[in-house]
Amino acid sequence: MNDSPQPKRRWMPILLAVSLALNLLIVGMAVGTVLRVKGNDHAKAPPGFGSALYRALPKDDRKALRGDLSDRHRKGSSSRSRDFATLNEALRADPFDPVAVQTLLSRQAQSMADLQVALQEQWLDRVTSMTSDERLIYADRLEEVVRRGPHGRKKKD
């Protein structure tokens, strides 16, 4: 029997706390958006450009794009874990180095921009491969998505 205790992983609770904080931030923003949008003119705004392009695609194309996004998310998990560890170290450093944190934030922003470019290229490839009739049908669906607005409901005029 081995009496030596397992070494504690100090980074795990920190990573979980940061993850929980980010999740709560996102949920809070979503709830705040819903509460703010109800009963005011924000509901008349068109949906986001990328989400409208996506929602108007045929189901099989949406499924393929989701699969690619999921693969990219999974492949980037190790670098995100390293970035969280780096952020944790930077937040605990004394003196605090905002340049190091800004570098990390810039790297994360570039990663998101790269993902968006890749998804746009895939979308354009799919639209380019459509026949003229398929593109007309897609344009009609896109028009309907925009007409329904950001929440998928018909707009009140």
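User: Is the crossing of H4 and H5 left-handed or right-handed?

Analyst: The crossing of H4 and H5 is left-handed. Keep in mind that this is a predicted model.

User: At what angle do helix H4 and helix H5 pack?

Analyst: The angle is about 160 degrees. Their axes are 10 Å apart. Helix H4 covers residues 77-92, and helix H5 covers residues 98-128.

User: Why do H4 and H5 count as roughly antiparallel?

Analyst: Angles over 145 degrees count as roughly antiparallel. H4 and H5 pack at about 160 degrees, so they are roughly antiparallel to each other.

User: What about H3 and H5, what is the angle there?

Analyst: Helix H3, residues 59-75, crosses H5 at roughly 155 degrees. The axes of H3 and H5 come within 11 Å. H3 and H5 are therefore roughly antiparallel to each other. The crossing of H3 and H5 is right-handed.

User: Let's step back. How many helices and strands does the chain have?

Analyst: The chain has 6 helices and 0 strands. Along the sequence, the pattern reads α-α-α-α-α-α.

User: And how much of the chain counts as buried?

Analyst: The chain has 157 residues, and 15% of them count as buried.

User: Where is proline 47?

Analyst: Proline 47 sits in the loop between H1 and helix H2, which spans 49-55.

User: Is proline 47 buried or exposed?

Analyst: Proline 47 counts as buried. The cut-off for buried is under 20% relative accessible area, and proline 47 has 9% relative accessibility.

User: How far apart are the C-alpha atoms of proline 47 and glycine 149?

Analyst: They are separated by 5.1 Å. Along the chain, proline 47 and glycine 149 are 102 residues apart.

User: New topic. Which residues form a nonpolar patch on the surface?

Analyst: Leu22, Leu25 and Met29 form that patch. Together they have about 290 Å² of accessible area.

User: Which helix holds methionine 29?

Analyst: Methionine 29 is in helix H1, residues 11-37.

User: Why does methionine 29 count as exposed?

Analyst: Its relative accessible area is 52%. Exposed means over 50%, so methionine 29 is exposed.

User: Last one. Where is threonine 86 found?

Analyst: Threonine 86 is found in helix H4. At 37% relative accessibility, threonine 86 counts as partly exposed.

User: How far is the C-alpha atom of threonine 86 from that of valine 101?

Analyst: The two C-alpha atoms are separated by 8.6 Å. Threonine 86 and valine 101 are 15 residues apart along the chain.

Note on methods: Residues numbered from 1 in each chain as written. Predicted model: local features only at pLDDT ≥ 70, side-chain atom pairs only at ≥ 80, totals over all residues. Heavy atoms only, no water. Patch = residues over 30% accessible without salt bridge, like charges linked within 9 Å, V, L, I, M, F, W, Y side chains within 5 Å. Areas by Shrake-Rupley, 256 points an atom, 1.4 Å probe, with all protein chains shown as cover. Salt bridge = Lys/Arg side-chain N within 4 Å of Asp/Glu carboxyl O. Helix = DSSP H or I, 4+ residues; strand = E, 2+ residues; numbered from the N terminus. Buried < 20%, exposed > 50% of the residue type's maximum accessible area, 1.4 Å probe, protein only. Axes fitted to C-alpha atoms, helices over the stretch in contact; angles between N-to-C directions. Parallel < 35°, antiparallel > 145°, perpendicular 65-115°, else oblique. Left-handed = near helix turned anticlockwise from the far one by under 90°.
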